[in-house]
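Open the model in your viewer and keep the selection tool at hand. The stops below are in the order to visit them.

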Amino acid sequence: MMLYENMGVTAEGHFTFGGADTTELAAEYGTPLYVMDENMVRKAVRRFMDSMEKYYGGRGEVHYASKAFSCMEMCRIINSEGAGLDAVSIGELYTAVKAGFDVKKIGFHGNNKTDEELRYAVEVGVGHIIVDNISELERLEKIAAELGKKPSIMFRIKPGIDAHTHDFVKTGQIDSKFGFALETGEAFEAVKQAVACSNVELTGIHCHIGSQIFDIAPFEEAARVMIGFISEIKNKLDYEIKGLNLGGGFGIKYLDSDDPSPFETYMERVSKVVAGECERLGIAQPFIYIEPGRSIAAPAGITLYTVGARKEIPNIRTYVSVDGGMPDNPRYILYGSEYSALVANKANEERSEKVTIAGKCCESGDLIGENMPLQHAESGDIIAVLATGAYNYSMSSNYNRLQKPAVVFVKDGASRVAVKRETLDDIIRNDI
Ligand code: LLP
């Protein structure tokens, strides 16, 4: 059983991804290698957009959270589907702008945006800026006045929801560096201040309650709380908030045992809450935004490595070392995240061993995973780690002065480079 529908095995036992033989990709482009399946990206985006259409009458936009995986080619693909983008830094925004992204469909994020970032976002004319704090509101008000523009803004709200996920990716609760707290009245005061501003227009509120969430209940609860806030603003200030951004966070399958809810169920249930609460409170239904990142990018990507050393430590464990590691996938060392892997050139064999896949960095914690079921792997074999499309390339580093791998897109079996492998000269390009 393969983790996703775009995965298969050839007659000679080679693992295929998006119709391409991964051992051939490794031979052609070298390893480590990130491989993204364009069709998988497009399908995921469409599923979100179609379910928005079906359950909420299309009165919303899907903004792909480009922090999950960003490069110009990814921006072009997302843009060509008619979806929007969540950009969280000037770098992500610049990438999208250079890729010709429809800027009106970009929401600009960040909990500590610099003046340079705010100025750039206003200059290029992003659809809206999601303001995180009062200092930002005040700086943006000045910058907008200087530039003679009136950007549309949303406020990032902490709805006080604990989505029971890893502490590092839990952001909706009160002890968080993100956004304005609801319970303390901070958010309401901020809205009052924004409504009085003349150079920005408050059009929406935003929340994001965490990442890799399998349950739908916390999303429903967040929608309920946010609609309640829209109603409070209407009642107390006679001001209509037209947009509601519910963030991202939908969980995906990393392991066979993972069982996330389908996006359609999420959209169906959350739309019901929004419609029901709006009716109950007598307010108009807002335009909705969602910001899926992982659920669009992760299943669409794999990483290919070549096995080097194999070390069997009797009664302890077997290490299978690969030619990448924490610089291209820091998620195990950061969060203990688990992945599925297989030997790409032995994909028709049983996964007969449980091994530790280790990276090549000078650091014991540099692992791709422990206790991973794998075919018997030897030097020269190709290992494919699955569902690495999100938060791998985007979180990669040059630790140990390793070169970042190339990113190759596959589509119906054909492949093309989207990001070149770094060269040794790239490693020293800024050194003086
Ligand atoms: N919107 C906002 C405001 C966010 O902060 C995030 C993710 C997203 C959308 C997209 O969430 P997603 O659908 O991808 O779960 N590096 C961590 C994940 C950090 C997520 C940060 N914010 C990881 O590797 O698991």
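Begin at the second largest pocket, which has a volume of about 350 Å³. This is a predicted model. The pocket is lined by 18 residues; select Tyr-4, Glu-5, Arg-47, Phe-263 and Pro-299, the closest to its centre. By class, nine lining residues are nonpolar, three polar and six charged. Helix 2 gives the most to this lining, with four residues.

Next, select helix 2 (residues 38-56) together with helix 3 (residues 72-80): they pack at an angle of about 40°, and their axes lie 10 Å apart. That angle is why helix 2 counts as oblique to helix 3. Their crossing is right-handed. To see the contact, show Glu-38, Val-41, Arg-42 and Val-45 in helix 2, which meet Met-74, Ile-77, Ile-78 and Ser-80 in helix 3. Five residues of this contact are nonpolar, one is polar and two are charged.

Now turn to the cavities. How many of 30 Å³ or more does a search of the whole structure find? The search finds three.

The largest cavity has a volume of about 70 Å³. Select residues from its lining, among them Ile-213, Phe-214, Asp-215, Phe-250, Pro-260 and Phe-263. The lining has nine nonpolar, two polar and one charged residues.

Definitions and conventions:
Residues are numbered from 1 along each chain as its sequence is written. This is a predicted model: local features need pLDDT of at least 70, side-chain atom pairs count only at pLDDT 80 or more; totals for chains, interfaces and linings use all residues. Side-chain values use heavy atoms; hydrogens and water are left out. Axes are lines fitted to C-alpha atoms, for helices over the stretch in contact, and angles run from 0 to 180 degrees between N-to-C directions. Helices (H or I, at least four residues) and strands (E, at least two) are DSSP runs, numbered from the N terminus. Angles under 35 degrees count as roughly parallel, over 145 as roughly antiparallel, 65 to 115 as roughly perpendicular and the rest as oblique. A crossing is left-handed if the near helix is turned anticlockwise from the far one by less than a right angle, and right-handed if clockwise. Contact means heavy atoms within 4.5 Å. Ala, Val, Leu, Ile, Met, Phe, Trp, Tyr, Cys and Pro count as nonpolar, Asp, Glu, Lys and Arg as charged, and the others, Gly among them, as polar. On a 1 Å grid over the protein atoms alone, a cavity is a set of points where a 1.4 Å probe fits but cannot get out, and a pocket is an open set with protein on both sides within 12 Å along at least five of seven lines; lining residues have an atom within 4 Å of a point. Grid points are joined across faces, edges and corners, and a volume is the space filled by probe spheres set on the points.
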